[in-house]
Amino acid sequence: MPSRIILAAALVGFCSPASAGDRHDLVARYYGQFQKPGFEVDALMAFYADDVKFTDPTFEIVANGREEVRKLYADIGTGRTQYRNIVWTINDVVSDGDRVVISGNWAGEFWACPFSVDFMTFWRLEDGLIAEQRDFFAASAFDRQVAWDPAAGRATCGKEDGSAR
C-alpha cells in the first residue's frame, strides 16, 4: 500500500492546476452519467474514443472499440441487469498529462443484495476522450457482501435458502 501513496503523491506533484481541474470535471461528468435517472448509454459513450481499449481484470472483461464498450453498459438501468441503485463516490482523482487515476467506492444492489466496494480506474486520454480504461474492484468484498453462489450463478445475500430476498 505505501507504493500507491507514493505514486499518487508523485503524480500530484506533476499535475498543473488547470489540467487537474479539467480532469476532475471530466471524472465528475463521466460518473454522473451512471447516477442519472433514466441512464442512457449513448451519453456515456460520448466520453470514449472510437478505438478505446477497455479492460477489467477483476471481472475478466476485455472490450475493444466503442461498440464493444457500449454492449457492456447497454443494460445498466434496465430490467436486463441485476444491478440496481448504483452510486459512485469519488474519493481521489490524480492526473498527469493524458493519464488519470480515479479511486472511490461503488455501491448499490446486486440481485437485491446490498454491496459497497472500493474501486480504482485508470484512464489514458486522447483528445479529451478515454482511449484506454482499466477498472479494478475489491472482488472478494463484493462476493462476500452479495454471497455469490457460483453453482447457482447468482447472489444469495447469505440466505441459507438461496433466495436473494
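This is a predicted model: local features need pLDDT of at least 70, side-chain atom pairs count only at pLDDT 80 or more; totals for chains, interfaces and linings use all residues.
Q: Which residue forms a salt bridge with aspartate 98?
A: The closest N and O atoms of the pair are 3.4 Å apart. A salt bridge needs a side-chain nitrogen of Lys or Arg within 4 Å of a carboxyl oxygen. The partner is arginine 99.

Q: What pattern of helices and strands does the chain follow?
A: The chain holds 5 helices and 8 strands. Read along the sequence, the pattern is α-α-α-β-β-α-β-β-β-β-α-β-β.

Q: In what order do the 6 strands of the open sheet lie?
A: The pairing in this sheet is mixed. Strand 2 (61–64) and strand 3 (83–96) are the edge strands, each pairing on one side only. The twist averages 20° from one strand to the next. The order is 2-1-6-5-4-3.

Q: What is the bridge partner of glycine 104 in strand 5?
A: Strand 4 (residues 99–110) and strand 5 run antiparallel. They are joined by 12 bridges. In strand 5, glycine 104 is partnered by phenylalanine 119.

Q: At about what angle to strand 5 does helix 5 run?
A: Helix 5 spans residues 139–146. It lies across strand 3, strand 4, strand 5 and strand 6. Its angle to strand 5 is about 155°.

Q: Is the disulfide of cysteine 113 and cysteine 157 left-handed or right-handed?
A: A search of the whole structure finds 1 disulfide. Its sulfur atoms, in cysteine 113 and cysteine 157, are 1.8 Å apart. The torsion about the S-S bond is about -105°, so the disulfide is left-handed.

Q: How many residues apart are cysteine 113 and cysteine 157?
A: Cysteine 113 sits in strand 5 (residues 113–126), and cysteine 157 in the segment after strand 8 (154–155). The pair links distant parts of the chain. Their separation is 44 residues.

Q: Which cysteine is buried, with a relative accessible area of 0%?
A: Buried means under 20% relative accessible area. Cysteine 157 stands at 22%, so it is partly exposed. The buried residue is cysteine 113.

Q: About how many helical turns separate glutamate 67 and arginine 70?
A: These two form a salt bridge, with the closest N and O atoms 3.1 Å apart. Glutamate 67 is partly exposed at 48%, and arginine 70 is partly exposed at 21%. Both lie in helix 4 (residues 66–73), 3 residues apart. Therefore the separation is about one helical turn.

Q: Is arginine 124 buried or exposed?
A: Arginine 124 forms a salt bridge with glutamate 126, the closest N and O atoms being 2.7 Å apart. Glutamate 126 counts as partly exposed, at 35% relative accessibility. The relative accessible area of arginine 124 is 15%, under the 20% cut-off. Arginine 124 is therefore buried.

Q: What share of the 165 residues counts as buried?
A: The chain exposes about 9,400 Å². Carbon and sulfur atoms supply 54% of that area. The buried share of the residues is 38%.

Key:
Residues are numbered from 1 along each chain as its sequence is written. Side-chain values use heavy atoms; hydrogens and water are left out. Helices (H or I, at least four residues) and strands (E, at least two) are DSSP runs, numbered from the N terminus. Buried means under 20% relative accessible area, exposed over 50%, partly exposed in between (1.4 Å probe, protein chains only). Accessible areas come from the Shrake-Rupley method with a 1.4 Å probe; for residues, only the protein chains shown count as cover. A disulfide is a pair of cysteine sulfur atoms within 2.5 Å. Two strands pair if DSSP finds at least two bridges between them. Axes are lines fitted to C-alpha atoms, for helices over the stretch in contact, and angles run from 0 to 180 degrees between N-to-C directions. Contact means heavy atoms within 4.5 Å.
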